[in-house]
Amino acid sequence: MSAIERETLVKKSLSTFLVLFLVLSALLGGMVAFFYRIQIQNYEKRLSAEERHSLELQLAVARNHFTSIISDLFFLAGQEDLKAYLEDPSEQHLASVRSEYLTYSTSKKIYDQIRYLDELGQEIARVNYNAGIPAIVAN
């Protein structure tokens, strides 16, 4: 085999190797990109589901919290002792309102203060929770 034939054979072999290398590299790169994209899509779906679940839990907690507060406000607004005080603002009725606030604060254990304010914004009755020892605050 002559030097020219050897050189031609080396060039053909090298060009065949380069073509095969490039084709196989492109194929392998395409496969890696395809599997990477599938992984990213799965991660995005999982992350989206987790975020949706987290938001649903936060919404449920907020609803539960506000439902409790709203029911407490309706209870306090519908007090018979308070209605009696509003019809006849005597010390006896005011004492009943304060006593009911004290009982409510003792049982609920979540409100730092329960107050009744008149139409001018003046505090008429108040009970402080006092870190677990509720007490009526004198005017």
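Two strands count as paired if DSSP finds at least two bridges between them, and helices (H or I, at least four residues) and strands (E, at least two) are DSSP runs numbered from the N terminus. The model here is predicted, so local features need pLDDT of at least 70 and side-chain atom pairs pLDDT 80 or more, while totals for chains, interfaces and linings use all residues. Residues are numbered from 1 along each chain as its sequence is written, and side-chain values use heavy atoms, with hydrogens and water left out.

**Exercise 1. Work out how the sheet is put together.**

Step 1: start with strand 1 and strand 2, which run antiparallel and are joined by five bridges. One spot to check is Arg-115, whose bridge partner in strand 2 is Arg-126.

Step 2: You get an open sheet of three strands in the order 1-2-3, with antiparallel pairing. Strand 1 and strand 3 (135-137) are the edges, each pairing on one side only. From one strand to the next, the twist averages 15 degrees.

Step 3: place the helix. Helix 3 lies across strands 1, 2 and 3, at about 30 degrees to strand 2. Here axes are lines fitted to C-alpha atoms (for helices, over the stretch in contact), and angles run from 0 to 180 degrees between N-to-C directions.

**Exercise 2. Classify the ring pair of Tyr-85 and Tyr-116.**

Step 1: recall the cut-offs. Rings of Phe, Tyr and Trp (its six-membered ring) pair if their centres lie within 6.5 Å; planes under 30 degrees apart are stacked, over 60 edge-to-face, the rest tilted. Four aromatic pairs turn up by this rule.

Step 2: apply them. With 6.2 Å centre to centre and 80 degrees between planes, Tyr-85 and Tyr-116 are edge-to-face. The pair links helix 2 to strand 1, 31 residues apart.

Step 3: check burial. Tyr-85 is buried at 12% relative accessible area, and Tyr-116 is buried at 13%.

Conventions:
Contact means heavy atoms within 4.5 Å. Buried means under 20% relative accessible area, exposed over 50%, partly exposed in between (1.4 Å probe, protein chains only).
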